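Here are some exercises to work through with the model open beside you. Try each task yourself before you read its solution.

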Amino acid sequence: MRDMLLGVSGLRHSRSEEPEEKVTAREFVKGNEALALGALKAGLNAYFAYPITPSSEIPETLAREFKSPQYPDFKVFLQSSSELEAINMVIGAAATGAKAMTATSGPGFSLKQEGLSYAASMEIPLLVVDVNRGGPGLGNLGPEQSDYYQSTKGGGHGGYRNIVLAPNSVQEMATFPSLGFSLAFKYRNPAIILADAFLGQLKEDTTYPPIAEEKFDTPWATTGARGETRHVLVSLHLDFDDQSRHVEHLLKKYEEMAREEQRAELYMTGDADVVVVAFGIVSRLVKQAVNALRAKGVRAGMLRPITLSPFPSRYISDLVSKGVKRFVVVELNTGQMVYDVKLAAENGVVERLNRWGGILPSSSEIVAKVEMTSA
Amino acid sequence: MMPSQEESTNEYEVRLGKLAALTSKPTHYCSGCEHGILTKLIANAIDELEIRERTVVVDSVGCSVFAHEYLNVDAIQAAHGRAPAVMAGIKRVRPDLVAFAVQGDGDAVAIGLQELIYAASRNEPITIFLVNNAIYGMTGGQMAPTTPEGMITTTTPEGRDTAYTGTIIDASKLLAGLDGPSYVKRVFLPVAPLKSRDLYSAAGPLEGARSVVNAFKVQLAGGFSFVEFVSTCSINWKMSVLDSKKYAAEVLAKIYPPGLYKDKLGIEKR
């Protein structure tokens with residue numbers, strides 16, 4: 001144990017001594033650490049921290065890299081007194097046009113919902129990472145995907161949508177912060193990265209994108225009035241017509257996001273009769289299962305939603321129109337995304353396989369489920 | 001009628017009519033409410049310090065939620081109680097800006113007490129003006145943490161029983177007990193009735209004006225500043241404006257004694 005700890009800190013030291021060589025080198029790192037470094041490569045300006053297992057390596061990594069000459073744009077790392085304080089600090093920082101983020105896990109993600117509702121209404125782009133653990137309540141520290149509803153359906157009050165990205169590898173943990181910020185600023189909308197305890201703690205080979213030069217236009221940012229031109233970010237619209245127009249404006253934006261930003265990975269779906277739908281870490285098991293099914297002569301494929309919101313329904317309706325008759329939705333919850341698949345699949349048969357409490361299905365269980373529904 | 005510059009030697013009188021930091025929108029505040037006075041004092045200070053184009057007001061939830069409609073500066077609305085956290089986020093990224101909020105006692109001392117205490121303990125360079133009128137104003141007169149024993153509110157119809165509901169929380173004393181904050185002051189803001197019921201003392205608003213300027217100066221010097229304004233709420237106290245001023249002077253000012261609770265930078269002596 002002692003060796004392991006020393007090993008990790010030793011690696012860090014060598015990083016700061018030779019920063020340039022390490023930027024694009026392959027590294028064997030935890031998902032949480034990859035996400036933190038990926039955020040830095042994405043030009044992160046401000047991180048507001050509150051610790052919660054299994055996400056704490058994210059603030060720990062960023063605390064370590066804070067003030068590193070490698071990341072001159074990383075101006076603020078601050079630990080807050082609560083999840084609520086952290087998300088509201090993110091809102092304040094983001095309101096000035098900064099790339100600001102925080103990370104948490106389920107119990108903390110619940111506390112973020114207040115801020116997310118305000119940020120959605122005021123159209124403040126920001127990034128929140130949820131390393132989903134078992135739930136509800138304190139639950140446990142194992143992987144679940146049970147925050148799917150909360151993240152994709154607008155978990156706070158009043159009805160709104162987040163952009164939600166679901167990585168399935170440590171590599172994607174490293175690259176999705178950049179995508180998250182891009183989409184958040186493009187649409188002036190909160191973005192969520194929905195990972196899980198498995199991805200957060202998993203170690204894999206990872207390369208990082210080069211440091212982003214991307215600077216976003218933020219003419220709305222509250223950085224001081226210029227003459228009589230003011231920047232005013234409000235979520236209160238007491239006049240019914242005003243509020244109605246505001247909601248309509250948001251709705252149009254969500255519709256545009258749904259038109260433009262659906263992302264998914266398709267695997268062996270070209271001639272598939274049955275398609276397994278799974279996001280995040282589960283998709284890795286599904287891929288194995290699809291390979292095994294193909295070896296047995298079953299024409300199976302996989303659809304992996306990458307954007308959970310907007311949900312890639314177009315991919316599903318395309319598959320239906322190409323002759324896919326059955327979908328099997330595999331999730332680490334009691335069944336949440338399955339309803340989005342059902343909506344998109346219309347008359348297609350939608351089966352499900354669910355595991356929860358921190359337990360993952362084995363790929364042979366997935367194979368068995370697909371074979372059973374094919375029989 | 002507003003006296004012209006030639007006629008008046010009172011700087012405030014002259015300037016109040018044409019402040020760059022004030023919009024032309026009439027306020028929604030009830031007659032006799034100190035929020036309107038404070039809004040003008042803030043606008044005056046912003047003009048005096050020439051910080052309008054780098055100031056952000058964080059609207060907090062309560063009667064000051066429309067502060068941006070009257071103050072001609074950049075603005076963002078915070079959730080109930082969260083203004084100090086939003087301001088901390090702004091200032092950490094952009095220390096060149098000036099951030100302030102007008103918070104009510106429900107907002108700052110109940111739902112937002114944690115955000116307030118931690119911002120103060122970190123000595124965030126932000127400014128909070130607390131309007132303490134001992135009651136929830138905008139929601140219609142419910143008990144606040146500052147409501148004195150015996151006061152009738154809509155949630156304490158028999159009068160507040162502090163043995164049952166807890167005793168008052170004195171925000172200025174609480175913050176002054178922390179090592180962090182640079183400036184903590186309590187001001188009696190209302191015009192106070194003098195012996196003759198037709199005459200009032202303007203000492204409160206004048207002291208308020210000085211304190212608002214000082215609070216911004218503390219922020220500009222890098223410190224956390226907090227000014228609590230003992231105020232009235234005649235509507236929710238169910239009193240005439242005149243009686244509310246009397247009650248504030250005779251009862252509230254004794255529970256919440258005005259004074260300089262902390263001035264680490266010695267700003268008042270400069």
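**Exercise 1: two helices in chain B**

Helix 2 of chain B passes helix 9 of chain B in a right-handed crossing. The model you are looking at is predicted, so keep that in mind as you go.

Task: Describe how helix 2 and helix 9 of chain B are set against each other, and find which residues meet.

Solution. 
- Step 1. Start with the axes: those of helix 2 (residues 34–49) and helix 9 (residues 203–220) of chain B come within 9 Å and cross at roughly 45°.
- Step 2. List the residues. From helix 2 of chain B come B:Ile37, B:Leu38, B:Leu41, B:Ile42, B:Asn44, B:Ala45, B:Glu48 and B:Leu49. They meet B:Pro205, B:Gly208, B:Ala209, B:Val212, B:Val213 and B:Phe216 in helix 9 of chain B.
- Step 3. Sort them by class: this contact has 11 nonpolar, 2 polar and 1 charged residues.

**Exercise 2: a helix pair in chain A**

Task: Repeat the analysis for helix 11 and helix 14 of chain A.

Solution. 
- Step 1. The axes of helix 11 (residues 282–295) and helix 14 (residues 363–374) of chain A come within 8 Å, crossing at roughly 55°.
- Step 2. Helix 11 and helix 14 of chain A are therefore oblique to each other, and helix 11 passes helix 14 in a right-handed crossing.
- Step 3. Helix 11 of chain A contributes A:Leu285, A:Val286, A:Gln288, A:Ala289, A:Ala292 and A:Leu293, while helix 14 of chain A contributes A:Ser363, A:Ile366, A:Val367 and A:Val370.
- Step 4. By class, 8 of the residues in this contact are nonpolar and 2 polar, with no charged residues.

**Exercise 3: a sheet and its helices**

Solution. 
- Step 1. Look at one pair: strand 11 and strand 13 (residues 300–305) of chain A are antiparallel over 4 bridges, and A:Glu265 stands opposite A:Arg304 in strand 13.

**Exercise 4: where the chains meet**

Task: Which element of chain B gives the most to the side that touches chain A?

Solution. 
- Step 1. In total, 29 residues of chain B are in contact with 35 residues of chain A.
- Step 2. The elements of chain B giving two or more residues are strand 1 (55–59), strand 2 (74–77), helix 4 (83–93) and helix 6 (113–121).
- Step 3. Helix 4 of chain B gives the most, with 8 residues.
- Step 4. Strand 10 (residues 232–233) of chain A and strand 2 of chain B pair in the parallel sense over 2 bridges, with A:Leu233 opposite B:Ile76.

Notes
Residues are numbered from 1 along each chain as its sequence is written. Chains are lettered from A and ligands numbered from 1 in the order in which they are written. This is a predicted model: local features need pLDDT of at least 70, side-chain atom pairs count only at pLDDT 80 or more; totals for chains, interfaces and linings use all residues. Two residues are in contact if their C-beta atoms, placed from the backbone, lie within 7 Å. Two strands pair if DSSP finds at least two bridges between them. Axes are lines fitted to C-alpha atoms, for helices over the stretch in contact, and angles run from 0 to 180 degrees between N-to-C directions. A crossing is left-handed if the near helix is turned anticlockwise from the far one by less than a right angle, and right-handed if clockwise. Ala, Val, Leu, Ile, Met, Phe, Trp, Tyr, Cys and Pro count as nonpolar, Asp, Glu, Lys and Arg as charged, and the others, Gly among them, as polar. Angles under 35 degrees count as roughly parallel, over 145 as roughly antiparallel, 65 to 115 as roughly perpendicular and the rest as oblique.
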